[in-house]
Amino acid sequence: MKLVYTGKTKDVFALENGNYLLKFKDDCTGKDGVFDPGENSVGLTIDGVGDVNLRMSVYFFEKINAAGIRTHYVSANLKDTTMEVLPAKVFGHGLEVICRNRAVGSFRRRYGEYIEEGAPLPSYVETTFKNDEKGDPLVTKDGLVVLGIMTGEQYESIKEMTRRITAIVADDLLEKGLVLYDIKFEFGYAPDGSVMLIDEIASGNMRVYKDGRYVDPMTLSKLFFA
């Protein structure tokens, strides 16, 4: 294996078969020793967080693949906290796709004069550039096309996939008495241009409530696997 990238929460290795290996770490984003999935730097280390993030990712990737939605997931080794994935190129320098079922977080901060906190949203999809210095700025479909980052067809594919995947995750959480407010994904594309879900699907990428109260990511992981 050859190390090709060192990330905040995962390291990436190139495999001889052309695929890649993601090594999940116990490092977490946060500030002043407090876990915060919205932060852009590593703030602390929590024993076992890499394991639960991998297990949740495997659970959902297998379910999404079974639904006929393309992902980069190939297999996982829970003992080594690693996941083998297909090669995929990211859009631009990295793009985040958020699906919002409720008005909270940055959406509420931006549009609070028009909508109440926690108001239902129709699986609203928005895209942001991964750029820590610029605060992950929003970008529209037209902007992505004009900048040559993706085609209009790729955008519509991402939008449809995002809504389908969100429904799968939300339905699963609801069975456990948990309500998904919003969730963040990353997508890439294969050599033929087809879109696929990449990265991970873990508690730190979603905002979940139980009985009207926010559930922090570590508690969510424990409830999910209870």
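These legends describe an overall view and several close-ups of one predicted protein model.

Local features need pLDDT of at least 70 and side-chain atom pairs count only at pLDDT 80 or more, while totals for chains, interfaces and linings use all residues. Residues are numbered from 1 along each chain as its sequence is written, and side-chain values use heavy atoms, with hydrogens and water left out.

View 1. Helices (H or I, at least four residues) and strands (E, at least two) are DSSP runs, numbered from the N terminus. Along the principal axes, the C-alpha atoms fill a box of roughly 55 × 45 × 35 Å.

**View 2. Surface and contacts of the protein.** Of the 226 residues, 46% are buried. Buried means under 20% relative accessible area, exposed over 50%, and partly exposed in between (1.4 Å probe, protein chains only). The accessible surface comes to about 11700 Å². Carbon and sulfur atoms hold 50% of that surface. Areas come from the Shrake-Rupley method with a 1.4 Å probe; for residues, only the protein chains shown count as cover. Among contacts (heavy atoms within 4.5 Å) between residues at least 6 apart in sequence, 54% join residues at least 24 apart.

**View 3. Strand β8 (residues 82-85) pairs with strand β7 (residues 73-77).** Two strands pair if DSSP finds at least two bridges between them. Here the sense is antiparallel, over four bridges. Ala76 stands opposite Met83 in β8. The two strands, β7 and β8, form a hairpin with four residues between them. In the turn, Thr81 has a positive phi of about 55°.

**View 4. Strand β8 also pairs with strand β3 (residues 20-24).** This pairing is antiparallel over four bridges. Lys23 stands opposite Thr82 in β8. Thr82 and Glu84 point one way from β8. Met83 and Val85 point the other way. All four of these β8 residues are buried.

**View 5. Ser123 has a positive phi without being a glycine.** The angle is about 50°. Ser123 is found in strand β11 (residues 120-129). Its relative accessible area is 22%, so Ser123 is partly exposed.

**View 6. Asp211 is another residue that has a positive phi and is not a glycine.** Here phi is about 55°. Asp211 lies in the loop between β15 (206-210) and β16 (213-215). At 73% relative accessibility, Asp211 counts as exposed.

**View 7. Asp142 sits in helix α3 (residues 141-146).** Asp142 is exposed, with a relative accessible area of 55%. Ile183 is 41 residues from Asp142 along the chain. The C-alpha atoms of Asp142 and Ile183 are separated by 23 Å.
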